[in-house]
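Here is a short report on one protein chain. Look at the fold before reading on.

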Amino acid sequence: MPGEPFEGLYGNEQLKRYLISGIRDSKLPHALIFDGAKGCGKKTAAIYTAAALEPEFSDKIKRMICPDVTLHAPEEGKRSIGISLIRAVREAAYITPQELMVRIFII
């Protein structure tokens with residue numbers, strides 16, 4: 001993998017080593033859960049992981065302008081995601097990616 005895929009993601013050294021190893025060895029699970037306190041970098045870690053999976057499109061993914069990487073969050077004022085969001089993600093999963101080899105959903 002050219003360059004440092006997690007440059008700009010501070011801390012979480014053990015997590016970064018795990019992710020880099022999993023990507024390098026093609027053993028990264030199809031789904032990951034980034035858990036922790038608010039503001040600890042979960043969303044950033046997920047975005048950087050997506051970028052590390054597709055180095056050619058890394059910049060577009062990190063700027064969240066890649067059409068094949070989408071970010072989904074609970075509705076305003078809610079603590080969890082609703083069934084309508086899950087249904088929409090499930091439907092979108094069947095759409096062929098435009099740029100990447102796969103579609104990536106960050107929920």
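Leaving aside neighbours within four places in sequence, which residues is Ala-51 in contact with? They are Ser-58, Ile-61 and Lys-62. Contact means heavy atoms within 4.5 Å.

This is a predicted model: local features need pLDDT of at least 70, side-chain atom pairs count only at pLDDT 80 or more, and totals for chains, interfaces and linings use all residues. Residues are numbered from 1 along each chain as its sequence is written, and side-chain values use heavy atoms, without hydrogens or water.

The chain has 4 helices and 2 strands. Their order from the N terminus is α-α-α-β-α-β. Helices (H or I, at least four residues) and strands (E, at least two) are DSSP runs, numbered from the N terminus.

Ala-51 belongs to the largest nonpolar core, which has 11 residues, among them Phe-57, Ile-61 and Ile-104. Both α2 (42-53) and β2 (104-106) supply at least two residues of this core. The most come from α2, with 4 residues. A second, separate core has 8 residues, including Leu-9 and Tyr-48. A nonpolar core is a set of buried Ala, Val, Leu, Ile, Met, Phe, Trp, Tyr and Cys residues joined through side-chain atoms within 4.5 Å. Buried means under 20% relative accessible area, exposed over 50%, partly exposed in between (1.4 Å probe, protein chains only).

Asp-25 lies in the loop between α1 (13-24) and α2. Asp-25 is partly exposed, at 38% relative accessible area.

Some values for the whole chain follow.

| Property | Value |
|---|---|
| Buried residues | 29% of the 107 residues |
| Contacts with a separation of 6 or more that join residues 24 or more positions apart | 52% |
| Box of C-alpha atoms along the principal axes | roughly 40 × 35 × 25 Å |
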